[in-house]
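Dear colleague,

Please read them with the sequence and the model side by side.

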Amino acid sequence: SPEAGESREVLVVDGLQGQAFGPVSFTLESGEIVGIAGAEGNGQPQLFDCLAGRQPPRAGRVVCDGRDLLLISTHEAVRSGIMLLPGDRTHEALMPVLGVRVNSTVQTLRRFSVLGFLRRRRERKTVDALVRRLEIRTPSHEQPVQFLSGGNQQKVAVSRSFLREPAVILAYEPTQGVDVGSRFDIYAALRSRTDAGTALLVKSSDPLELSGLCDRVLVMSRGQIIEEIPGDELNELRIV
């Protein structure tokens, strides 16, 4: 296995083709943040849906952490180490009427269970640590997330990645509708995941965000990757 700190390929996309995009080919290395740029309507959401198992591919191959994926279901994508942070927090990422605690731990309840019984104290301690670490502003862990600000809702969604060890996080417009303070908290949280070895693929319509957050940027047009901008050339003007 690779030594600590050594980067390795964790996602290989080879000739992937789906509805409104493709074929596209690219790789992600552990600890890397790669941006997806390009005008809206050029296949970006369909690419993310396909990688997350929400749309079947028409052709191509995806390998995540050494595992060849058919990507026919979200369950297979999750099991293989791919985690999606959808752009629509309220309808796709979170359960708005339920509290911060439930939304944070719903995908990882097994880690808090012993012989089928949920250890509430252990769960509460874990959520408390996440709330402090991500600076989630909430009056209690049971506060329904629909009453939180957009930034704090997104922090709750991001908190799930701290309870799993995804190989790849797909972040679609991770700071859309988020205030400036929360935006930097979310950047720090995502960076901490890549510091732990996760690769991040982020689609953002904000070129300033991409230039400040990413190690390199792939530009999509008409469903295909038409250019790759390396880190030493990354700036807002170059992306535009």
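Is cysteine 214 buried or exposed? Cysteine 214 is buried, with a relative accessible area of 8%. Please keep in mind that this is a predicted model, and that the values below were computed from it.

Turning to the sheets, one of them is an open sheet of 4 strands, paired in the antiparallel sense and arranged in the order β2-β1-β4-β5. Strands β2 (21-29) and β5 (67-69) stand at its edges with a single partner strand each, so one side of each has no neighbour in the sheet. From one strand to the next, the twist averages 15°. Strand β1, which covers residues 9-18, runs antiparallel to β2 and is joined to it by 6 bridges. Among the paired residues, glutamate 9 has glutamate 29 of β2 as its bridge partner, while glycine 18 is partnered by phenylalanine 21, also in β2. The two strands form a hairpin with 2 residues between them, and alanine 20, in the turn, has a positive phi of about 70°. Helix α1 (residues 44-51) packs on this sheet, where it touches β1, β2 and β4 (59-64), and its direction makes about 60° with that of β2.

Strand β3, residues 33-37, is mostly covered, with 5 of its 5 residues buried. Ile33, Gly35 and Ala37 point one way from the strand, whereas Val34 and Ile36 point the other way, and all of these are buried. On the pairing side, β3 runs parallel to strand β10 (residues 199-203), to which 4 bridges join it, and isoleucine 36 stands opposite lysine 203 of β10. Strand β3 also pairs in the parallel sense with strand β11 (residues 216-221), again over 4 bridges, and here glycine 35 has valine 217 of β11 as its bridge partner.

Finally, there is a pair of helices to look at. Helix α6 (residues 150-159) packs against helix α7 (residues 180-195) at an angle of about 10°, with the two axes 9 Å apart, and that angle makes α6 roughly parallel to α7. On the α6 side the residues in contact are Gly151, Asn152, Gln154, Lys155 and Val158, and these meet Ser182, Asp185, Ile186, Ala189 and Leu190 of α7. Sorted by class, the contact has 4 nonpolar, 4 polar and 2 charged residues.

With best regards

Terms used:
Residues are numbered from 1 along each chain as its sequence is written. This is a predicted model: local features need pLDDT of at least 70, side-chain atom pairs count only at pLDDT 80 or more; totals for chains, interfaces and linings use all residues. Side-chain values use heavy atoms; hydrogens and water are left out. Two strands pair if DSSP finds at least two bridges between them. Axes are lines fitted to C-alpha atoms, for helices over the stretch in contact, and angles run from 0 to 180 degrees between N-to-C directions. Contact means heavy atoms within 4.5 Å. Buried means under 20% relative accessible area, exposed over 50%, partly exposed in between (1.4 Å probe, protein chains only). Angles under 35 degrees count as roughly parallel, over 145 as roughly antiparallel, 65 to 115 as roughly perpendicular and the rest as oblique. Ala, Val, Leu, Ile, Met, Phe, Trp, Tyr, Cys and Pro count as nonpolar, Asp, Glu, Lys and Arg as charged, and the others, Gly among them, as polar.
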